[in-house]
Amino acid sequence: MRQGFVRTADKCVNADLNFTTNTVQRMTDDTAIQIHAVTEYALAELAERFPGEEFDLIVRDFAPAIHIRIRKTQLSELLKGTSEGFVFEEFGLDTPSAQGTMHYISGERMNYEKTIAFLKDLKDVPVLEELRQTVGYESLIPWMRNRDGHESFFQMIRLRYPQLFSHLDYATTVRELTNVLMAAIERKYRSDAINYHIRERTSIENKLAGIMDWHLNESRAWFAKIKNYMPELSTQGFQCVTVTEIVPRGLDNYSGDIGGKTIKLGTFKELNAEFVLSQRDALGKEILEMDVRHLVEFRDLFVYMLVARRYIFPEAIEKILDLQTRTTQQNLDSLRGNEEFRSYVYRSFLHHSGLFLEKLYRTHNLLTE
(Lines give C-alpha, C1' and ligand atoms only; values in the text may rest on other atoms or scores of the structure.)
Protein backbone atom coordinates (compact mmCIF):
# COMPACT_ATOMS: atom_id res chain seq x y z
CA MET A 1 0.00 0.00 0.00
CA ARG A 2 1.26 3.48 -0.85
CA GLN A 3 0.82 5.13 2.53
CA GLY A 4 1.11 8.62 1.04
CA PHE A 5 -2.31 8.57 -0.61
CA VAL A 6 -5.67 8.71 1.11
CA ARG A 7 -9.15 10.16 0.33
CA THR A 8 -12.05 11.91 2.04
CA ALA A 9 -15.77 12.54 2.16
CA ASP A 10 -17.22 15.40 4.14
CA LYS A 11 -19.99 13.52 5.86
CA CYS A 12 -17.63 10.76 6.90
CA VAL A 13 -15.31 13.27 8.49
CA ASN A 14 -18.17 15.04 10.24
CA ALA A 15 -20.21 11.96 11.12
CA ASP A 16 -21.10 11.56 14.76
CA LEU A 17 -19.06 8.50 15.63
CA ASN A 18 -18.38 9.35 19.25
CA PHE A 19 -19.48 5.97 20.56
CA THR A 20 -18.75 4.78 24.06
CA THR A 21 -16.38 1.86 24.50
CA ASN A 22 -19.24 -0.48 25.37
CA THR A 23 -21.24 0.59 22.34
CA VAL A 24 -18.31 0.02 20.00
CA GLN A 25 -17.80 -3.42 21.52
CA ARG A 26 -21.44 -4.35 21.00
CA MET A 27 -21.38 -3.01 17.44
CA THR A 28 -18.30 -5.10 16.71
CA ASP A 29 -19.95 -8.19 18.17
CA ASP A 30 -23.08 -7.54 16.11
CA THR A 31 -21.15 -7.19 12.89
CA ALA A 32 -19.61 -10.61 13.58
CA ILE A 33 -23.16 -12.02 13.80
CA GLN A 34 -24.09 -10.29 10.54
CA ILE A 35 -20.95 -11.32 8.69
CA HIS A 36 -21.37 -14.97 9.66
CA ALA A 37 -25.04 -15.08 8.60
CA VAL A 38 -24.56 -13.13 5.37
CA THR A 39 -21.54 -15.22 4.34
CA GLU A 40 -23.46 -18.46 4.89
CA TYR A 41 -26.44 -17.23 2.86
CA ALA A 42 -24.27 -15.88 0.05
CA LEU A 43 -22.15 -19.04 -0.23
CA ALA A 44 -25.25 -21.23 -0.26
CA GLU A 45 -26.67 -19.23 -3.16
CA LEU A 46 -23.36 -19.18 -5.01
CA ALA A 47 -22.88 -22.94 -4.60
CA GLU A 48 -26.07 -23.45 -6.62
CA ARG A 49 -24.95 -21.02 -9.30
CA PHE A 50 -21.33 -22.20 -9.47
CA PRO A 51 -21.35 -25.87 -8.40
CA GLY A 52 -17.97 -27.24 -7.40
CA GLU A 53 -16.27 -23.83 -7.28
CA GLU A 54 -14.27 -22.34 -4.42
CA PHE A 55 -14.90 -18.70 -3.56
CA ASP A 56 -12.96 -15.67 -2.42
CA LEU A 57 -13.67 -12.08 -1.41
CA ILE A 58 -12.53 -9.07 -3.42
CA VAL A 59 -12.67 -5.39 -2.48
CA ARG A 60 -14.31 -3.46 -5.29
CA ASP A 61 -12.76 -0.25 -6.57
CA PHE A 62 -15.77 0.33 -8.82
CA ALA A 63 -18.96 2.12 -7.84
CA PRO A 64 -22.03 -0.10 -7.43
CA ALA A 65 -25.16 1.10 -9.23
CA ILE A 66 -28.30 -0.36 -7.69
CA HIS A 67 -31.51 0.28 -9.58
CA ILE A 68 -34.90 -0.40 -8.04
CA ARG A 69 -37.64 -0.60 -10.62
CA ILE A 70 -40.07 2.05 -9.40
CA ARG A 71 -42.98 2.96 -11.68
CA LYS A 72 -43.06 6.33 -13.43
CA THR A 73 -39.50 7.37 -12.72
CA GLN A 74 -36.74 8.60 -14.96
CA LEU A 75 -35.08 5.21 -14.66
CA SER A 76 -37.61 3.60 -17.02
CA GLU A 77 -35.36 3.84 -20.08
CA LEU A 78 -32.40 2.36 -18.21
CA LEU A 79 -34.51 -0.53 -16.96
CA LYS A 80 -36.06 -1.56 -20.26
CA GLY A 81 -35.17 -5.08 -21.23
CA THR A 82 -33.22 -5.96 -18.11
CA SER A 83 -33.61 -9.62 -17.27
CA GLU A 84 -32.81 -9.03 -13.60
CA GLY A 85 -36.15 -7.39 -12.95
CA PHE A 86 -36.94 -5.46 -9.80
CA VAL A 87 -33.45 -5.02 -8.41
CA PHE A 88 -30.28 -5.30 -10.42
CA GLU A 89 -26.74 -4.22 -9.83
CA GLU A 90 -23.84 -3.36 -12.04
CA PHE A 91 -20.43 -1.83 -11.57
CA GLY A 92 -18.97 1.23 -13.18
CA LEU A 93 -16.79 4.20 -12.36
CA ASP A 94 -19.72 6.12 -10.92
CA THR A 95 -23.50 6.12 -10.47
CA PRO A 96 -26.38 8.50 -11.21
CA SER A 97 -27.06 9.05 -7.51
CA ALA A 98 -23.42 9.97 -6.83
CA GLN A 99 -23.29 12.36 -9.77
CA GLY A 100 -26.64 13.84 -8.80
CA THR A 101 -25.45 14.46 -5.27
CA MET A 102 -22.35 16.28 -6.48
CA HIS A 103 -24.65 18.59 -8.40
CA TYR A 104 -27.06 19.05 -5.49
CA ILE A 105 -24.39 20.15 -3.04
CA SER A 106 -23.25 22.84 -5.47
CA GLY A 107 -26.84 24.08 -5.95
CA GLU A 108 -27.31 22.53 -9.41
CA ARG A 109 -29.36 19.73 -10.91
CA MET A 110 -28.01 17.33 -13.48
CA ASN A 111 -29.71 16.31 -16.74
CA TYR A 112 -30.79 12.93 -15.43
CA GLU A 113 -31.55 11.03 -18.63
CA LYS A 114 -28.46 12.25 -20.49
CA THR A 115 -26.24 11.61 -17.49
CA ILE A 116 -27.56 8.06 -17.17
CA ALA A 117 -26.81 7.48 -20.86
CA PHE A 118 -23.33 8.92 -20.32
CA LEU A 119 -22.67 6.67 -17.30
CA LYS A 120 -23.93 3.59 -19.15
CA ASP A 121 -21.33 4.19 -21.86
CA LEU A 122 -18.69 5.07 -19.27
CA LYS A 123 -19.11 1.58 -17.79
CA ASP A 124 -17.32 0.18 -20.84
CA VAL A 125 -14.58 2.83 -21.00
CA PRO A 126 -11.44 2.10 -18.91
CA VAL A 127 -10.86 5.80 -18.29
CA LEU A 128 -9.09 5.31 -14.94
CA GLU A 129 -6.76 2.73 -16.48
CA GLU A 130 -6.11 5.12 -19.38
CA LEU A 131 -5.15 7.79 -16.87
CA ARG A 132 -2.95 5.39 -14.90
CA GLN A 133 -1.07 4.45 -18.05
CA THR A 134 -0.70 8.14 -18.95
CA VAL A 135 0.56 9.55 -15.65
CA GLY A 136 1.33 6.51 -13.45
CA TYR A 137 -0.34 5.11 -10.34
CA GLU A 138 1.60 7.33 -7.94
CA SER A 139 0.66 10.51 -9.79
CA LEU A 140 -3.11 10.20 -10.07
CA ILE A 141 -3.86 12.73 -7.32
CA PRO A 142 -1.09 15.19 -8.33
CA TRP A 143 -2.42 15.10 -11.90
CA MET A 144 -5.93 15.81 -10.65
CA ARG A 145 -4.79 18.62 -8.34
CA ASN A 146 -2.38 20.36 -10.70
CA ARG A 147 -4.65 20.08 -13.75
CA ASP A 148 -1.60 19.83 -16.00
CA GLY A 149 -2.38 17.90 -19.15
CA HIS A 150 -6.13 17.65 -18.53
CA GLU A 151 -7.16 19.00 -21.92
CA SER A 152 -4.86 16.68 -23.88
CA PHE A 153 -6.03 13.69 -21.82
CA PHE A 154 -9.73 14.38 -22.35
CA GLN A 155 -9.17 15.02 -26.05
CA MET A 156 -7.44 11.65 -26.25
CA ILE A 157 -10.42 10.00 -24.49
CA ARG A 158 -12.83 11.68 -26.93
CA LEU A 159 -10.80 10.45 -29.88
CA ARG A 160 -10.72 6.84 -28.61
CA TYR A 161 -14.26 6.72 -27.19
CA PRO A 162 -16.37 9.23 -29.16
CA GLN A 163 -19.69 7.74 -27.98
CA LEU A 164 -18.91 8.93 -24.46
CA PHE A 165 -19.12 12.54 -25.66
CA SER A 166 -22.39 12.13 -27.58
CA HIS A 167 -24.80 12.75 -24.70
CA LEU A 168 -23.69 16.02 -23.11
CA ASP A 169 -21.78 18.95 -24.54
CA TYR A 170 -17.99 18.77 -24.38
CA ALA A 171 -17.54 21.06 -21.37
CA THR A 172 -20.22 19.24 -19.36
CA THR A 173 -18.78 15.83 -20.27
CA VAL A 174 -15.31 16.92 -19.12
CA ARG A 175 -16.77 18.26 -15.87
CA GLU A 176 -18.62 14.97 -15.26
CA LEU A 177 -15.48 12.97 -16.09
CA THR A 178 -13.44 15.08 -13.68
CA ASN A 179 -15.89 14.34 -10.85
CA VAL A 180 -15.95 10.66 -11.77
CA LEU A 181 -12.16 10.41 -11.85
CA MET A 182 -11.74 12.06 -8.46
CA ALA A 183 -14.13 9.56 -6.88
CA ALA A 184 -12.60 6.63 -8.78
CA ILE A 185 -9.06 7.58 -7.75
CA GLU A 186 -10.15 7.69 -4.11
CA ARG A 187 -11.85 4.29 -4.34
CA LYS A 188 -8.79 2.77 -6.01
CA TYR A 189 -6.41 4.02 -3.32
CA ARG A 190 -8.91 3.10 -0.60
CA SER A 191 -9.31 -0.47 -1.86
CA ASP A 192 -5.53 -0.83 -1.89
CA ALA A 193 -5.34 0.50 1.68
CA ILE A 194 -8.03 -1.94 2.83
CA ASN A 195 -6.38 -4.85 1.05
CA TYR A 196 -3.17 -3.98 2.86
CA HIS A 197 -5.06 -3.85 6.16
CA ILE A 198 -6.47 -7.37 5.65
CA ARG A 199 -3.41 -8.83 3.89
CA GLU A 200 -2.86 -11.61 6.46
CA ARG A 201 -6.49 -12.73 6.60
CA THR A 202 -7.53 -15.76 4.57
CA SER A 203 -11.17 -16.77 5.03
CA ILE A 204 -14.06 -14.72 3.62
CA GLU A 205 -15.49 -14.09 7.08
CA ASN A 206 -12.14 -13.02 8.46
CA LYS A 207 -11.56 -10.63 5.57
CA LEU A 208 -14.99 -9.06 6.06
CA ALA A 209 -14.25 -8.68 9.77
CA GLY A 210 -10.98 -6.95 8.85
CA ILE A 211 -12.77 -4.56 6.52
CA MET A 212 -15.26 -3.63 9.24
CA ASP A 213 -12.34 -3.15 11.61
CA TRP A 214 -10.87 -0.73 9.08
CA HIS A 215 -14.18 1.13 8.92
CA LEU A 216 -14.52 1.46 12.67
CA ASN A 217 -10.90 2.32 13.42
CA GLU A 218 -9.19 3.66 10.29
CA SER A 219 -11.75 5.23 7.97
CA ARG A 220 -12.11 8.63 9.66
CA ALA A 221 -8.36 9.21 9.54
CA TRP A 222 -8.31 8.02 5.92
CA PHE A 223 -11.04 10.39 4.74
CA ALA A 224 -9.67 13.31 6.72
CA LYS A 225 -6.26 12.79 5.14
CA ILE A 226 -7.69 12.46 1.64
CA LYS A 227 -9.44 15.79 2.09
CA ASN A 228 -6.01 17.38 2.30
CA TYR A 229 -4.97 15.76 -0.98
CA MET A 230 -8.18 16.35 -2.96
CA PRO A 231 -10.22 19.12 -1.31
CA GLU A 232 -12.20 19.46 -4.54
CA LEU A 233 -13.64 15.98 -3.97
CA SER A 234 -16.92 16.80 -2.29
CA THR A 235 -18.63 13.48 -1.75
CA GLN A 236 -21.44 12.53 0.59
CA GLY A 237 -21.30 9.99 3.39
CA PHE A 238 -22.77 7.07 1.48
CA GLN A 239 -19.78 7.04 -0.84
CA CYS A 240 -17.72 5.98 2.17
CA VAL A 241 -19.38 2.56 1.99
CA THR A 242 -16.94 -0.16 0.98
CA VAL A 243 -18.10 -2.61 -1.67
CA THR A 244 -16.94 -6.22 -1.61
CA GLU A 245 -17.96 -9.20 -3.65
CA ILE A 246 -17.75 -12.95 -3.15
CA VAL A 247 -16.73 -14.44 -6.48
CA PRO A 248 -15.49 -17.80 -7.74
CA ARG A 249 -11.76 -18.02 -7.06
CA GLY A 250 -9.80 -16.82 -10.07
CA LEU A 251 -12.20 -13.96 -10.81
CA ASP A 252 -10.38 -11.51 -8.56
CA ASN A 253 -9.95 -9.09 -11.46
CA TYR A 254 -13.56 -9.43 -12.55
CA SER A 255 -15.38 -6.24 -13.55
CA GLY A 256 -18.68 -5.39 -15.16
CA ASP A 257 -22.08 -6.84 -14.30
CA ILE A 258 -22.32 -8.49 -10.92
CA GLY A 259 -20.38 -11.77 -10.90
CA GLY A 260 -21.07 -13.12 -7.44
CA LYS A 261 -22.69 -11.87 -4.26
CA THR A 262 -22.06 -8.28 -3.24
CA ILE A 263 -21.63 -7.36 0.43
CA LYS A 264 -21.29 -3.73 1.47
CA LEU A 265 -19.94 -2.38 4.73
CA GLY A 266 -20.56 1.00 6.30
CA THR A 267 -22.70 2.70 8.91
CA PHE A 268 -26.43 3.34 8.90
CA LYS A 269 -25.93 7.10 8.69
CA GLU A 270 -23.86 6.72 5.51
CA LEU A 271 -26.33 4.29 3.98
CA ASN A 272 -29.36 6.39 4.92
CA ALA A 273 -27.72 9.40 3.29
CA GLU A 274 -27.58 7.43 0.04
CA PHE A 275 -31.25 6.55 0.29
CA VAL A 276 -32.54 10.04 1.11
CA LEU A 277 -30.39 11.85 -1.41
CA SER A 278 -31.08 9.36 -4.21
CA GLN A 279 -34.85 9.88 -3.75
CA ARG A 280 -34.63 13.51 -4.80
CA ASP A 281 -35.10 12.59 -8.44
CA ALA A 282 -38.18 10.50 -7.64
CA LEU A 283 -39.73 12.67 -4.91
CA GLY A 284 -38.10 16.06 -5.33
CA LYS A 285 -37.11 18.23 -2.41
CA GLU A 286 -40.18 16.97 -0.49
CA ILE A 287 -38.07 14.01 0.67
CA LEU A 288 -36.10 16.49 2.79
CA GLU A 289 -39.24 18.13 4.19
CA MET A 290 -41.23 15.06 5.23
CA ASP A 291 -42.66 14.89 8.70
CA VAL A 292 -41.03 12.55 11.20
CA ARG A 293 -43.70 9.85 10.93
CA HIS A 294 -43.27 9.49 7.18
CA LEU A 295 -39.50 9.51 7.48
CA VAL A 296 -39.71 6.67 10.01
CA GLU A 297 -41.88 4.70 7.55
CA PHE A 298 -39.28 5.24 4.85
CA ARG A 299 -36.53 4.19 7.23
CA ASP A 300 -38.39 0.98 8.12
CA LEU A 301 -38.75 0.03 4.47
CA PHE A 302 -35.12 0.97 3.96
CA VAL A 303 -33.98 -1.44 6.72
CA TYR A 304 -35.75 -4.31 4.95
CA MET A 305 -34.02 -3.49 1.69
CA LEU A 306 -30.58 -3.00 3.24
CA VAL A 307 -30.60 -6.31 5.08
CA ALA A 308 -31.98 -8.23 2.09
CA ARG A 309 -29.17 -6.84 -0.07
CA ARG A 310 -26.42 -7.94 2.34
CA TYR A 311 -25.36 -4.63 3.81
CA ILE A 312 -23.26 -4.96 6.96
CA PHE A 313 -23.63 -1.99 9.30
CA PRO A 314 -23.03 -1.98 13.06
CA GLU A 315 -26.47 -0.58 13.90
CA ALA A 316 -28.39 -3.26 11.95
CA ILE A 317 -29.64 -5.42 14.82
CA GLU A 318 -30.66 -2.41 16.92
CA LYS A 319 -32.57 -1.02 13.92
CA ILE A 320 -34.27 -4.39 13.43
CA LEU A 321 -35.22 -4.60 17.11
CA ASP A 322 -36.59 -1.06 17.04
CA LEU A 323 -38.67 -1.98 13.99
CA GLN A 324 -39.92 -5.17 15.64
CA THR A 325 -40.86 -3.23 18.76
CA ARG A 326 -42.92 -0.72 16.76
CA THR A 327 -44.67 -3.30 14.58
CA THR A 328 -45.39 -5.93 17.25
CA GLN A 329 -45.89 -3.56 20.21
CA GLN A 330 -43.73 -5.93 22.28
CA ASN A 331 -41.16 -4.81 24.82
CA LEU A 332 -37.92 -6.56 23.87
CA ASP A 333 -35.65 -4.71 26.29
CA SER A 334 -35.06 -7.75 28.50
CA LEU A 335 -33.74 -9.71 25.48
CA ARG A 336 -31.69 -7.03 23.75
CA GLY A 337 -28.48 -8.00 25.51
CA ASN A 338 -28.81 -11.72 24.72
CA GLU A 339 -26.37 -12.60 21.94
CA GLU A 340 -28.26 -15.75 20.92
CA PHE A 341 -31.48 -13.74 20.64
CA ARG A 342 -29.76 -11.03 18.61
CA SER A 343 -28.35 -13.68 16.28
CA TYR A 344 -31.80 -15.25 15.88
CA VAL A 345 -33.41 -11.87 15.20
CA TYR A 346 -30.86 -11.00 12.54
CA ARG A 347 -30.99 -14.37 10.76
CA SER A 348 -34.78 -14.36 10.79
CA PHE A 349 -34.92 -10.81 9.48
CA LEU A 350 -32.34 -11.57 6.79
CA HIS A 351 -34.52 -14.45 5.57
CA HIS A 352 -37.83 -12.63 5.73
CA SER A 353 -36.53 -9.38 4.25
CA GLY A 354 -35.40 -11.38 1.22
CA LEU A 355 -38.87 -12.83 0.86
CA PHE A 356 -40.35 -9.37 1.33
CA LEU A 357 -38.23 -7.94 -1.47
CA GLU A 358 -39.17 -10.84 -3.73
CA LYS A 359 -42.87 -10.24 -3.04
CA LEU A 360 -42.44 -6.56 -3.89
CA TYR A 361 -40.90 -7.59 -7.19
CA ARG A 362 -43.68 -10.07 -7.98
CA THR A 363 -46.35 -7.52 -7.07
CA HIS A 364 -44.68 -4.92 -9.22
CA ASN A 365 -44.77 -7.27 -12.20
CA LEU A 366 -48.54 -7.56 -11.81
CA LEU A 367 -48.95 -3.81 -12.09
CA THR A 368 -49.05 -1.82 -15.30
CA GLU A 369 -46.93 1.20 -15.92
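Me: Which ring does the charged end of Lys 319 sit over?
Reply: A charge sits over a ring if NZ of Lys or CZ of Arg is within 6 Å of the ring centre and within 35 degrees of the ring normal. Here the charged end of Lys 319 lies over the ring of Phe 268, 4.4 Å from its centre. Likewise, the charged end of Arg 199 sits over the ring of Tyr 196, 4.0 Å from the ring's centre.

Me: What should I keep in mind about the model itself?
Reply: This is a predicted model, in which local features need pLDDT of at least 70 and side-chain atom pairs count only at pLDDT 80 or more, while totals for chains, interfaces and linings use all residues. Residues are numbered from 1 along each chain as its sequence is written, and side-chain values use heavy atoms, with hydrogens and water left out.

Me: How many residues of helix α9 are buried?
Reply: Helices (H or I, at least four residues) and strands (E, at least two) are DSSP runs, numbered from the N terminus. Buried means under 20% relative accessible area, exposed over 50% and partly exposed in between (1.4 Å probe, protein chains only). In α9, 21 of the 28 residues are buried, so the helix is largely enclosed by the rest of the structure. The helix reaches 40 Å from its first C-alpha to its last, close to the 40 Å expected at 1.5 Å a residue; the expected span is 1.5 Å times one less than the number of residues.

Me: Which residues touch the most other members of the largest nonpolar core?
Reply: In soluble globular proteins, nonpolar side chains tend to be buried together. A nonpolar core is a set of buried Ala, Val, Leu, Ile, Met, Phe, Trp, Tyr and Cys residues joined through side-chain atoms within 4.5 Å. The largest one has 76 residues, and Leu 122, Phe 153, Leu 181, Ile 185 and Tyr 346 touch the most other members. Helix α9 (residues 170-197) gives this core its largest share, 11 residues.

Me: How many aromatic pairs does the structure hold?
Reply: Rings of Phe, Tyr and Trp (its six-membered ring) pair if their centres lie within 6.5 Å; planes under 30 degrees apart count as stacked, over 60 as edge-to-face and the rest as tilted. The structure holds nine such pairs. In one of them, the rings of Tyr 137 and Tyr 189 have centres 5.0 Å apart and planes at 85°, so the pair is edge-to-face. Tyr 137 is in the loop between α6 (127-135) and α7 (140-146) and Tyr 189 is in helix α9, 52 residues apart. Both Tyr 137 and Tyr 189 are buried. Trp 143 and Phe 154 are also edge-to-face, 6.3 Å centre to centre with 65° between the planes. Trp 143, Phe 153 and Phe 154 form one aromatic cluster.

Me: Are the two faces of strand β5 covered or uncovered?
Reply: In a regular strand the side chains alternate between the two faces of the sheet. Both faces of β5 are covered: Lys 261, Ile 263 and Leu 265 are buried on one side, and Thr 262 and Lys 264 on the other.

Me: In which sense do β4 and β5 run?
Reply: Two strands pair if DSSP finds at least two bridges between them. Strands β4 and β5 run antiparallel, joined by five bridges, and Glu 245 stands opposite Thr 262 in β5. Two bridges join β5 to strand β6 (residues 311-312), and these run parallel. Strand β1 (residues 55-59) pairs with β4 (residues 242-248) in the antiparallel sense over five bridges.
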